[in-house]
Amino acid sequence: MKEILITKNEEGQRLDRFLKKYLNKANQSFIYKMIRKKNIKLNNMKAEPEQILKKDDLVQLYLSDDTVEKFREKKTLKQSDIHFDPVYEDDNILVVNKPIGLSSQPDETGMRNLVDEVKMYLDDKEENISFTFKPAVCNRLDKNTSGLVIAAKNYDALKQTNKAIRERKIKKLYMAKVHGIVKNDLELKDYLVKNEDKNMVRIVKEMEENAKAVITNAHPIRTEGNFTWLEIEIETGRAHQIRAHLSSIGHPIAGDRKYGRKDSEKHQVLHAYKLVLGGYENELEYLNGKEIISDIKDRKIMM
C-alpha cells in the first residue's frame, strides 16, 4: 500500500484529476475502476472521483509497487542534460544562471529549454517532488541573453513571485557592454513595436498601433576602449527591449548581430546579473530584501 499526503500544491482539485496526474500513464477507466473497487481510498474511507482534496488529506493506493511504477512515468536525469548553474535554492524557489543559447520557454521548435531542464533537475531531487505541481519559470530572458531566472517550486511561490514581478517589487539589474562612450545616466522612455514575422522589434518616439511603452534606465560603470559597460534596470519587461532601446540611441550591445554591428564578440554581452527580491508575504516573507548575484564572468554558453 502506498500513502500520499496532500500538500498545498495538490489541494482544491478533484481526486480523479489528481490521480490522473500522479498515475500519469493510467487511463481514466482504470482509475475509476480502482476507486470503485476500493483499491484507492481517501482518508481510509471509500472515495468518490469528484471529491475535492484538502491539505493533509491522505490518499491510499492499495496497489502493488509494480503496478504503481507501471503507471507512473519516471524521468531520469543525466548531468549532461542540465546546462544551467543553480545560484540559490530553498524549499520554495530556485534561481539559476541561464546560459546563452538556451530558450527560457518551450516553443514550436521542440528544442531544449529552461523549463524542461528545471523540471528534470527538481524531479531528480526527491525532497522537491510535488505529485502534480510542475515547477514554473517566472521571468524570461531572450535566448541569447544569459543570467538569473527565478523558478517556483510550489504554487504559492509561483503566485507570489509572478505578482511581485507584475507589481515591480522584484528589482532586476543587467550588465551590458555597448558600443560607444556613455558618460551620463540614461533614462529612456519610448514605445516598442514588435514584428512577429521577423521576430524583431523597433523603437518609436510616438504611440502607434500595437505599440507598448518601454522604460530603460542605464548607469555607466566604466569604459573599455570604444565601449562602455552599463548597469541597466528596466521598468517594463518587453522582448528585446534592452537590445533595441540601446541600439536606437546609437549604443548597440557588443556582439548583438540582430540590433547591433559587427565586432569581435562572438555572443551578445548582456547578462541579468542581480536580483533584489521583494513583495513576498506570509510564509515567504523571509525572501524580501534578499540579493542574488551572478557575475557576468560566470556566464555560460550552451554548446
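Colleague: Before we start, what should I know about the numbering and the pLDDT limits?
Modeller: Residues count from 1 along each chain as its sequence is written, and side-chain values use heavy atoms, with hydrogens and water left out. As the model is predicted, local features need pLDDT of at least 70, totals for chains, interfaces and linings use all residues, and side-chain atom pairs count only at pLDDT 80 or more.

Colleague: How many salt bridges turn up in the whole structure?
Modeller: Side chains of opposite charge can pair when their charged atoms come close. The cut-off here is a side-chain nitrogen of Lys or Arg within 4 Å of a carboxyl oxygen of Asp or Glu. Searching the whole structure that way, the count is 16.

Colleague: Which residue pairs with Asp 142, and how far apart are the two in the chain?
Modeller: Asp 142 has a salt bridge with Arg 243, with 3.5 Å between the closest N and O atoms. Asp 142 sits in the loop between β7 (136-137) and β8 (146-152), while Arg 243 is in helix α6. Helices (H or I, at least four residues) and strands (E, at least two) are DSSP runs, numbered from the N terminus. So the partner is Arg 243, and the separation is 101 residues.

Colleague: Is Arg 243 buried or exposed?
Modeller: Buried means under 20% relative accessible area, exposed over 50%, and partly exposed in between (1.4 Å probe, protein chains only). Arg 243 comes out at 8%, so the answer is buried.

Colleague: What is the N to O distance for Asp 263 and Arg 257?
Modeller: Asp 263 is buried at 16%, whereas Arg 257 is partly exposed at 45%. Their side chains meet in a salt bridge, and the distance is 3.8 Å.

Colleague: How far apart are the closest N and O atoms of Glu 208 and Arg 202?
Modeller: Glu 208 is partly exposed at 30%, and Arg 202 is partly exposed at 43%. Those two form a salt bridge, and the closest atoms are apart by 2.6 Å.

Colleague: Which side chain has a polar contact with the side chain of Thr 236?
Modeller: Thr 236 lies in the loop between β13 (227-234) and α6 (241-248), and at 8% it counts as buried. A polar contact is a pair of N or O atoms within 3.5 Å; within protein, one must be able to donate a hydrogen and the other to accept it, and residues adjacent in sequence count only if both atoms are side-chain atoms. A polar atom of the Thr 236 side chain lies 3.0 Å from the backbone nitrogen of Ile 215. The side-chain partner, at 3.0 Å, is Gln 241.
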